[in-house]
Amino acid sequence: MYRTLAFALGLAALGCSKSAPPADDPLAIPSPEELAAYQLPAKGTAPAAAPEAAPAAEVAVGPDGPESITIAPLTVSDDPAEIEKGKALFAGKGCVACHRIDETKLVGPGLKGVLSRRSVPWVQRMILNPDAMLKQDPVAKKLLAEHLTPMPAQGVDPQTELPALVAYLKSL
Ligand code: HEC
């Protein structure tokens with residue numbers, strides 16, 4: 001009982017003590033300024049280092065699509081045999097299920113004139129890796145927002161099939 005009282009008195013004495021504790025006193029109650037230094041940034045306030053964290057990929061994407069999607073340089077053939085091969089692939093690979101070859105929409109956009117509105121590398125990337133295009137390429141993202149169906153990869157071989165498909169699309 002007396003001990004408790006003594007303790008309480010002791011605390012009171014500490015609290016009332018006029019002389020401020022030395023700055024390096026580990027038990028000192030921190031001043032509001034000291035407390036502020038430990039505050040986390042307020043909600044919605046970006047930490048100082050944030051601007052450089054902007055995803056570089058977004059910024060770097062030009063009309064050919066993201067360079068991270070690797071493609072081989074392609075000169076589009078106008079050889080009728082190559083175009084015929086592409087036409088057969090367009091059916092055989094299931095593109096016909098979602099694309100018309102005029103300007104009208106089916107599940108995806110009509111593909112007539114696609115190579116006048118998009119570059120060859122962009123079309124190569126879209127056919128080979130639609131998943132990555134839909135995540136990274138601003139034009140592909142916009143198409144997805146309009147069509148609401150993500151184009152699935154059709155397992156097109158980049159060497160033996162892609163050039164013929166692109167030749168066919170260019171002929172439309
Ligand atoms: C399941 C449906 C589906 C299949 C199969 C499909 N696509 Fe697509 N395609 C789409 C959709 C939908 C888009 C628009 C982007 C999106 O929403 O993913 C698109 C976009 C495209 C574009 C860009 C069109 C533009 O206007 O820029 C090209 C080129 C394309 N597809 C070619 C093909 C080829 C070639 C095949 C076959 C190897 C194929 N697609 C198979 C649904 C499909």
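Mentor: A definition comes before anything else: helices are DSSP runs of H or I with at least four residues, numbered from the N terminus. Under that numbering, Ala72 lies in the loop between helix 3 (56-60) and helix 4. Keep in mind that this is a predicted model.

Trainee: How many helices and how many strands does the chain have?

Mentor: From the N terminus on, the elements run α-α-α-α-α-α-α-α-α. The secondary structure therefore comes to zero strands and nine helices, by the DSSP runs.

Trainee: What share of the 172 residues counts as buried?

Mentor: A residue is buried if 20 or more other C-beta atoms lie within 10 Å of its own. Of the 172 residues of the chain, the share that passes is 20%.

Trainee: Among contacts with a separation of 6 or more, what part comes from residues 24 or more positions apart?

Mentor: Contacts here are pairs with C-beta atoms within 7 Å. For contacts in the chain with a separation of 6 or more, residues 24 or more positions apart account for 67%.

Trainee: How many residues of helix 9 are buried?

Mentor: Helix 9 spans residues 162-171 and is mostly covered. Its buried residues are Leu162, Pro163, Ala164, Leu165, Val166, Ala167, Tyr168 and Leu169. What covers them includes helix 4 (80-92), helix 5 (114-117) and helix 6. Of the 10 residues in helix 9, the buried ones number eight.

Trainee: How are helix 4 and helix 9 placed relative to each other?

Mentor: Two packed helices are described by the angle between their axes and the distance between the axes. The axes of helix 4 and helix 9 come within 7 Å and cross at roughly 100°. Angles of 65 to 115 degrees fall in one class, so helix 4 and helix 9 are roughly perpendicular.

Trainee: Which residues of helix 9 does helix 4 meet, and how does the contact divide by class?

Mentor: On the helix 4 side are Glu82, Ile83, Lys85, Gly86, Lys87, Leu89 and Phe90, and these meet Ala164, Leu165, Ala167, Tyr168 and Ser171 in helix 9. By class, the contact of helix 4 with helix 9 has seven nonpolar, two polar and three charged residues.

Trainee: What is the handedness of the crossing of helix 6 and helix 9?

Mentor: Helix 6 and helix 9 pack at an angle of about 120°, with their axes 11 Å apart, and they are therefore oblique to each other. The crossing of helix 6 and helix 9 is right-handed.

Trainee: Which residues make that contact, and how many are charged?

Mentor: Helix 6 contributes Val120, Val123, Gln124, Ile127 and Leu128, and helix 9 contributes Leu162, Leu165, Val166 and Leu169.

Trainee: Which element gives the most to the shell around the ligand?

Mentor: Of the 28 residues around the ligand, Cys95, Cys98, Gly108, Leu143 and Met151 come nearest. Helix 6 (120-128), helix 7 (130-136) and helix 8 (138-147) are the elements that give two or more residues to this shell. By class, the shell has 20 nonpolar, six polar and two charged residues. With four residues, the element that gives the most is helix 8.

Trainee: What is phi of Leu148 near?

Mentor: Most residues other than glycine have a negative phi. Leu148 lies in the loop between helix 8 and helix 9, and it counts as exposed because it has 8 C-beta neighbours inside 10 Å. Phi of Leu148 is positive, near 60°.

Methods. Residues numbered from 1 in each chain as written. Predicted model: local features only at pLDDT ≥ 70, side-chain atom pairs only at ≥ 80, totals over all residues. Near = placed C-beta within 6 Å. Nonpolar A, V, L, I, M, F, W, Y, C, P; charged D, E, K, R; others polar. Buried ≥ 20, exposed ≤ 12 C-beta atoms within 10 Å, placed from the backbone. Contact = placed C-beta atoms within 7 Å. Axes fitted to C-alpha atoms, helices over the stretch in contact; angles between N-to-C directions. Parallel < 35°, antiparallel > 145°, perpendicular 65-115°, else oblique. Left-handed = near helix turned anticlockwise from the far one by under 90°.
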